[in-house]
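Subject: Structure handover

Hello,

Please find below the structure I promised to pass on. My notes on it follow.

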Amino acid sequence: MSATHALRPGEAVPGQPARSHGGVWHVYRAERRKLSTQLSTRLLALFCVLGPFAFAGVLKIQSGSPADTLFGVWVHQSGFALSLVVLSFCGAWGFPVLAGVLCGDIFASEDRYGTWKMVLTRSSTRRDLFAGKLLAAVTFSVALLVLLAVSSLVAGLLLVGDGALVDLGGRTLSTGHSLVLVLAAWLLNVLPMLAFTSLAVLLSIATRNGIVGVVGPALIALVMQLLLLVGSGVWLHLLLASSAFQDWYALFTAHPFFGPLVVACIVSVIWIVASLLGAWLLIRRRDYAGTAVSRRPGWVVPVRVAVGSAALVALLAIASNWGPAGDTAAKLKASINPTFNNLTLLQQRELGRTVAPGAKLNVLTNCSRRASTPTGPGDWICNLDVFIPQPGAVPFQQTPVTYDVSVQSNGCYKAESPPSFVGQQTMKDAAGNQVVNPLFVIYGCFNPL
Amino acid sequence: MTAVAAVRARGLVKRFETTVAVDRVDLIVEEGEVRGLLGPNGAGKTTLLRLLFGLVAPDEGAVELFGRPLGASDTINLDGVAGFVEEPTFYPYLSGRVNLELFAELDGGADASRVDEVLERVGLASRGSDRVSGYSTGMRQRLGIAAALLRSPRLLLLDEPTSGLDPAGARDMGGLVRRLATEGTAVLLSSHLIGDLENVCDSYTVLRLGKVVWNGSAQQLRDQAPGSAYRLATSDDARALEIAEQHPGVHASRAPTGEVRLAVQGRIDAYVLDLGRADVAVRRLELVVSPLESMFFALTSDVELDPAGLTELIEAALAET
């Protein structure tokens, strides 16, 4: 059958079935099938399911704990703490690596196999292909995050138990409250995970190189982690995509603060939009001209990129002092004081001593930074003088406790004191069970904004 | 009512940096027509096909497929159009069948029987479950044609479709194209070897350095051909050479190997009849350069195709064989 008039947009070619157009959903289905058959995807899924169980199993057979990570000392006592430790690890490295391995090759593989010319000559438009592939990347990224969340919770609850979780304010949370907060914490990581997914997609499209797409997000996360360690200003730190992985800690403080959480969500969305916009413009404007006229390999471009990246990192390091200081002595003091109070009372209760509801210690706290600059992340020291009332000529007994505090740019800290002050990492409770000494390591967070 | 052309390209220009790959090319392919796109390597054939597929955007000019403008890069609609440029490519870690299923999905999905049907049609039914990484060049070429057929195209654009195929495969491909044309499919085939397309195409467009240097029907191309060349073996070669001198259009010479070569302008029939009348038995008359090949050579090179030029062409053709 011949066409006897010019076809309008959307009108079927004579002799063609009416349903011949691809569309986003069909691209998504094809991409989902391709990703499912890839070994790397299967290995990642296996790792996400088995990794937390392996971690819990290793902890089960040894006495040590990942104390450097928030909630780390509690992993032998609460399955929820184990899930949160897994989440902390993932936020630092796991999610960027997952995003890179999963999505960094999703567009570049078409260049590697030379299949752009095949897929672009089907019924699906470039817009369909971009959206469909992106949707598949998002689906698999979120699916892996959900797998990790469920697996870490199940592993924790099965192998450690549903013991009470001690939050970052030193309070003991109920099982239900802990579960809700842990799930909310995982949920809050979806947006930053998608930010790194988008970044992987951008790298995959911009460089047309699967290796850069896969490794790039992890390298960028590494640089961001390093930038979070320097400078005392709050603005640059908040703008880094990596920092959004760490803001769920605010949910676990005695007085949850949502400013950084809102900022983290907005920052993640900005990273997502910027990355995807850049990726789409590149796809849309690209000429698929084959090998003869495509980019020639050489060392000039990689060297330029490396020099440019180094200059950018140096500039960002300088800019890390931009804005007000997030970590100050006043904020640290205001946070560690009630937390120490709550943990001391918890310790006393566990030792079988009667603690009146609402009891409060008289503590005089003084915090200072172990560096010339009195603000910013790094090593701090806090002296807590506890005044215990006693009958007699001297009305108070002063007990000094010194904590070495490691403060992060997001306002979270870990405080450790020598056993001579607070005792060993574990202690025997009133029932004779070996439990964590709540004062051995104090975790806390304050609002850096 | 007049049918709308399957392809109508007007004033197409494509530059890559300082190179003009396609230079003000006009092209029309009607439905049911098989058009050969000829030209030496670097003539702009593949770039022209890329322009028709929307893989590259023209710097100037416009393309209409079935009367519909190709449109912006992000919304190009290739419904009813199929084919490939350069060699067809696939996901090597997947089987041929799964590759086809994925491509079919991008077209809106196809049932398994349709995939089986096209695999059967290109002779890959028994190897459909094998990974593409184990396919030979010819098998990939067949799979590329299967991927194109999967769409039941009304316009088929194929770049060097016989590349990598054995002679039987190339013949089958030609037969397939002719059958599709009979069903109304417009076909545009590119090749740098006119012999591949000689009995397949209804019309030709010849490109040289990005420009159209000739455009017309297969018959017009034959009629305008400067000549043809043959290898001749007779019972009396010396006499055959003498007789050739009486035919102005026939230039005969003896090669160093002793065989007789003929550069013929026009038809060779009268000369052969004269050989018979002179009791010179023709034992072998082998066409070395066809009229189409000589025309192609004339159009795509700076060499004037006089008898000397044709002789040179014979030498080159013989060297190739």
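The largest nonpolar core has 200 residues, and V201(A), V7(B), A146(B) and L189(B) touch the most other members. A nonpolar core here is a set of buried Ala, Val, Leu, Ile, Met, Phe, Trp, Tyr and Cys residues joined through C-beta atoms within 7 Å. A residue is buried if 20 or more other C-beta atoms lie within 10 Å of its own, exposed if 12 or fewer, and partly exposed in between, with C-beta atoms placed from the backbone. Helix α3 (residues 79–103) of chain A gives the most to this core, 14 residues. A second, separate core has 17 residues, among them A229(B), L232(B), V250(B) and V280(B). In soluble globular proteins, nonpolar side chains tend to be buried together.

This is a predicted model, in which local features need pLDDT of at least 70, side-chain atom pairs count only at pLDDT 80 or more, and totals for chains, interfaces and linings use all residues. Residues are numbered from 1 along each chain as its sequence is written, while chains are lettered from A and ligands numbered from 1 in the order in which they are written.

Touching, or being in contact, means that the C-beta atoms of two residues, placed from the backbone, lie within 7 Å.

Chain B as a whole: it contains 11 helices and 14 strands. These are DSSP runs numbered from the N terminus, helices being H or I with at least four residues and strands E with at least two. The C-alpha trace of chain B spans about 70 × 45 × 45 Å along its principal axes. Of its 321 residues, 51% are buried. Among contacts in chain B with a separation of 6 or more, 71% are between residues 24 or more positions apart.

Chain B is divided into domain 1 (7–222) and domain 2 (228–320), with bounds from an automatic or database domain assignment. The C-alpha centres of the two domains of chain B lie 36 Å apart. Where they meet, 13 residues of domain 1 are in contact with 8 residues of domain 2. On the domain 1 side, the elements that give two or more residues are α6 (194–197), β9 (203–208), β10 (211–217) and α7 (218–223) of chain B. The residues of that side divide into 8 nonpolar, 2 polar and 3 charged. For this count, Ala, Val, Leu, Ile, Met, Phe, Trp, Tyr, Cys and Pro are nonpolar, Asp, Glu, Lys and Arg are charged, and the others, Gly among them, are polar.

Strand β13 (residues 260–264) of chain B is largely enclosed by the rest of the structure, because 5 of its 5 residues are buried. V260(B), L262(B) and V264(B) point one way from the strand, and R261(B) and A263(B) the other way. β13(B) runs antiparallel to strand β11 (residues 228–234) of chain B, joined by 5 bridges, and R231(B) stands opposite R261(B). Strands count as paired if DSSP finds at least two bridges between them. Strand β12 (residues 250–254) of chain B is also antiparallel to β13(B), with 5 bridges, and R254(B) has V260(B) as its bridge partner. The hairpin of β12(B) and β13(B) has 5 residues between the strands, and G258(B) there takes a positive phi near 105°.

Regards
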